[in-house]
Amino acid sequence: MLWKDDVSKMRVAASLLSADFAHLADEIKHVTDAGIEQIHIEVGDGIFSPNITIGAPVVKSLRKVTNAILEAHLMTVYPERKIEEFAQAGADLITFHIEATEQAQTVIHKIKGAGSKAGVALNPATPLCMIEELLYDVDVVLLMTAIPGASGQPLLKNSLDKVKRLHKIIRENNFKCLLEVDGGVNIENAQALREAGANILVAGTAIYDSTDVLASAALLKGE
Ligand code: DX5
């Protein structure tokens, strides 16, 4: 596992939702060759999130072709039932939605017990208080900053404020979790998101629609 807890280094996670699903291995190489270290795999089940996208068998195949950090973002109901299969498929980080389970602590322990890093995700309308009691235990908090389900949407207006508020809680309590942002991230808003406290920026459109991924990745990281 290539996981790094290093909060000092900005990281871009390329969202496969914006990639060409007919050539996923090439699409991953395209971005890792540009220095992107994390692949954000949107796992949609057509119930919790509108689109059915990628399952554990695909993650298992992608594991064989890349050393990048593979994040399985479970936009699914009953995440507690899916941990083992994604961990065994090779997901380095498994992120579940707090709205999708009443067993958050169990899910976190299951993820860690399976050898992966544990992330908890919040949809834009979900208040931070829903995950405050988990911050000591998770490795990543993922804030959805666009309406979940599709790429290419704008950053929602309250996003910066929500990132700042979460970062303040993490900093004041000296929690070790990383703050990841997903949805509407682009070159224009990346600096404000970094300054607000984001450690990992998930980018779909800003990376896969870019004519110069190396430059786009560097601009998103603030390099
Ligand atoms: C929504 C997805 C998107 C995607 C990022 O469910 O999670 O947020 O990963 O897409 P862009 O970067 O194009 O907003």
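Let me begin with a term: a polar contact is a pair of N or O atoms within 3.5 Å, and, within protein, one of them must be able to donate a hydrogen and the other to accept it, while residues adjacent in sequence count only if both atoms are side-chain atoms. What you see above is a predicted model, in which local features need pLDDT of at least 70 and side-chain atom pairs count only at pLDDT 80 or more, although totals for chains, interfaces and linings use all residues. Residues are numbered from 1 along each chain as its sequence is written, and side-chain values use heavy atoms, with hydrogens and water left out.

Turning to the ligand, 16 residues surround it, and the closest are Glu42, Gly149, Asp182, Gly204 and Thr205. A residue belongs in that neighbourhood if one of its heavy atoms lies within 4 Å of the molecule.

Now to the individual contacts. An oxygen atom of the ligand lies 2.8 Å from an N or O atom in the side chain of Ser15, and a polar side-chain atom of Asp182 is 2.7 Å from a ligand oxygen atom. For Gly204, a backbone N or O atom is found 2.7 Å from an oxygen atom of the ligand. The ligand taken alone exposes 370 Å², of which the protein buries 99%, with accessible areas coming from the Shrake-Rupley method with a 1.4 Å probe.

Finally, where is Gln103? Gln103 lies in the loop between β4 (93–97) and α4 (104–113), these being DSSP runs numbered from the N terminus, with helices (H or I) of at least four residues and strands (E) of at least two. The C-alpha atoms of Gln103 and Tyr78, 25 residues apart along the chain, are separated by 9.2 Å.
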